[in-house]
Amino acid sequence: TAYIATVHRGIRTSWSLGKRCSSATAHGRFVSSVRPSSLLRQLRNATAVQASHTTGSPSTPRLAPRVVAPSRSRRFLACKSSAPDKRPSSDEWVTPFRPTREEIQQMEESDNYTLEPHEDGTGGWLQHRACLDQIGSGPGDDWITPLRDELHEAIHFRPSGAKLEHPPRILILYGSLRSPRSFSHFLALECARLLELMGADVRVYNPQGLPVRDPAIEDHPKVKELRALSHWSEGHVWVSPEMHGVITGCFKNQIDWIPLNTGSVRPTQGRTCAVLQVNGGSQSFNAVNELRRLARWMRMPCCTNQSSVAKAWQEFDDDGRMKPSSFRERVVDVMEEYYKFTLIMREHVDLLNNRYSERKEKAEKGRLLTQAEKEAEKAAATKPAADTANSS
């Protein structure tokens, strides 16, 4: 009886609503007091009463499920085109941002996998190890190897649908020439050991012997080594002391030697980046903020986490290993997040860096031009106009 009465009220309300709406339309005015939601609510209540009588629990009526229109994103997914994918093949994207197999093989066959640099200053890429054949090793107290179980998730992490199976290639740069106790150097080596434990292929660049930026000496061995390492890498870890509120000149000089592009080669674009700094005094974030801005300028996606080690002279022992502290735990956090971040991002480097302007230039010129070639073209285009103006 209650169900029938409720339905009857719904029918009367429907008739009344239609009549009032028709009257409002005839008089050209909107009836704000009449809301379709009230009718829908009564009909839903009628359905709920029916459900309660069916289940035998009239005291707790169950509302019928509401029919919700699909959201915009759902409609987009539901209407996704089945047309064939017309994006460029991966072979068309591989040259600007990834090294060729020959370049990778040449780097792997290099004699720079040493603990100490050669006479010309190159090499020493594995200076973070205590022994060449012992991954993640180092002098003194080995606090990193016992973290293997804690870092189990990162060690076995693989992005869904990942196509790249090789270990992520990481280049580590630090910004100090002080020897033997450089705290940014110590922190960089600890980062290298953590990344190796998780499975990365790590190389540490030694800035000793790198000349001040001068375009006239681009054939210098240290310059060629730095550029080759950056092109080989899939990510960078940057560690700099804070000097007068900014990064050191030693670190900035290394970045100055890495061009944004060299023709079709992109030594930094699309590489991931993690930033860390050490302080001689209280904690500050000026250097990491500057490093983030620098990474953005070099078109490198930066890991969200970061580390700033205050009073660094208190945080390392005589062997250059970090002492137990919240600073050390933060460094582990940063490297763990950065390792996963790199595994995810490297899968999409070519897609994210596939730009309209560069596709257009490649279609018109056959390749990507260097900045010098672009300037020469501009000068050649403006010369006839200048000659005409002078003759008139």
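This report walks through a pocket, a helix and a loop residue of the structure above.

The model is predicted, so local features need pLDDT of at least 70, side-chain atom pairs count only at pLDDT 80 or more, and totals for chains, interfaces and linings use all residues. Residues are numbered from 1 along each chain as its sequence is written, and side-chain values use heavy atoms, leaving out hydrogens and water.

Let's start with the second largest pocket, which holds about 490 Å³ of space. Of its 27 lining residues, Glu116, Gln127, Tyr174, His185 and Leu189 are closest to the centre. (On a 1 Å grid over the protein atoms alone, a pocket is an open set of points where a 1.4 Å probe fits, with protein on both sides within 12 Å along at least five of seven lines; lining residues have an atom within 4 Å of a point.) Here is how the lining divides:

| Class | Lining residues |
|---|---|
| nonpolar | 9 residues |
| polar | 10 residues |

Helices here are DSSP runs (H or I, at least four residues).

Next comes helix α11 (residues 326-345), whose 20 residues should span 28 Å at 1.5 Å a residue; the end C-alpha atoms are 28 Å apart, which agrees. The expected span is 1.5 Å times one less than the number of residues. Among the buried residues of α11 are Arg328, Glu336 and Lys340, where buried means under 20% relative accessible area with a 1.4 Å probe, protein chains only.

Finally, Asn353 sits in the loop between α12 (349-352) and α13 (356-365). Asn353 is buried, with a relative accessible area of 6%.

Technical notes:
Points joined across faces, edges and corners; volume = space filled by probe spheres on them. Nonpolar A, V, L, I, M, F, W, Y, C, P; charged D, E, K, R; others polar. Helix = DSSP H or I, 4+ residues; strand = E, 2+ residues; numbered from the N terminus. Buried < 20%, exposed > 50% of the residue type's maximum accessible area, 1.4 Å probe, protein only.
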